[in-house]
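User: I am new to this structure and would like to go through it by question and answer. Please show it to me before we start.

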Amino acid sequence: MPGYRRILVPVDLTDDSAPVGERAQAVAAAFGATVELLHVVEFVPVEPMGETLMPAVAIEAELLQRARQRLTALRDKLGFTGAPVHVEAGNVKAEIIRVARDRDVDLIVIGSRERHGFSILVNLTEDTVLHGAPCDVLAVRVGGRAIDKQPAGIAGD
């Protein structure tokens with residue numbers, strides 16, 4: 001089985017980002033791969049009801065800058081010192097796939113939430129990435145299920 005050289009870790013910067021990053025770290029250590037972190041800011045067009053305090057361009061620039069700071073802090077917390085961080089603006093699903101292609105990654109490690117009822121019918125980000133990615137995808141369960149042990153064959157076995 002060929003190993004992984006470059007791993008892309010798209011995160012939403014919630015508390016669930018850390019376990020996803022930790023799993024990517026374990027896979028990267030096992031294969032000697034590099035890790036790149038990605039966060040996509042998806043701007044929702046808003047029709048102002050009155051005067052705006054700040055032009056939309058300035059607000060978007062501020063959001064991107066804050067996301068870059070938070071992503072860099074997460075990178076440092078996870079111990080990925082020097083790992084590239086990418087903050088993109090656009091459709092989350094499309095940007096993850098585009099960055100994976102552009103960066104020639106071998107593996108995408110993404111968080112996946114358990115769904116019930118009508119939410120099963122919703123096309124979530126991880127579904128689109130799984131079917132559209134140019135590489136392997138590892139979905140890490142997050143949101144309610146603690147990741148308390150590493151998968152077999154990754155490290156420490």
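Predicted model: local features only at pLDDT ≥ 70, side-chain atom pairs only at ≥ 80, totals over all residues.

User: Which residue forms a salt bridge with Glu88?

Analyst: A salt bridge is a side-chain nitrogen of Lys or Arg within 4 Å of a carboxyl oxygen of Asp or Glu. For Glu88, the closest N and O atoms of the pair are 3.2 Å apart. Glu88 lies in strand E3 (residues 85–89) and its partner in helix H3 (residues 92–102), 10 residues apart, so the pair links distant parts of the chain; helices (H or I, at least four residues) and strands (E, at least two) are DSSP runs, numbered from the N terminus. The partner is Arg98.

User: Which residues are joined with Glu88 into one network?

Analyst: Arg98, partly exposed at 31% relative accessibility, also forms a salt bridge with Glu95, where the closest N and O atoms are 2.7 Å apart. Glu95 and Arg98 both lie in helix H3, three residues apart, about one turn of the helix, and Glu95 counts as buried at 13%. Salt bridges that share partners join Glu88 with Glu95, Arg98 and Asp102.

User: Where does E3 sit in the sheet, at the edge or inside?

Analyst: The open sheet has five strands in the order E3-E2-E1-E4-E5, with parallel pairing. Two strands pair if DSSP finds at least two bridges between them, and five bridges join E2 to E3. One of the bridge partners in E3 is Val87, which pairs with His39. E3 pairs on one side only, as does E5, and is found at the edge.

User: At what angle does H3 run to E2?

Analyst: H3 lies across E1, E2, E3 and E4. Axes are lines fitted to C-alpha atoms, for helices over the stretch in contact (heavy atoms within 4.5 Å), and angles run from 0 to 180 degrees between N-to-C directions. The angle to E2 is about 150°.

User: What pattern does the protein chain follow along the sequence?

Analyst: The protein chain has four helices and five strands. Buried residues make up 34% of its 157 residues. Read along the sequence, the pattern is β-α-β-α-β-α-β-α-β.

User: Which residues have the most contacts inside the largest nonpolar core?

Analyst: A nonpolar core is a set of buried Ala, Val, Leu, Ile, Met, Phe, Trp, Tyr and Cys residues joined through side-chain atoms within 4.5 Å. The largest has 24 residues, and the elements supplying at least two residues each include strand E1 (6–10) and helix H1 (17–31).

Notes: Residues numbered from 1 in each chain as written. Heavy atoms only, no water. Buried < 20%, exposed > 50% of the residue type's maximum accessible area, 1.4 Å probe, protein only.
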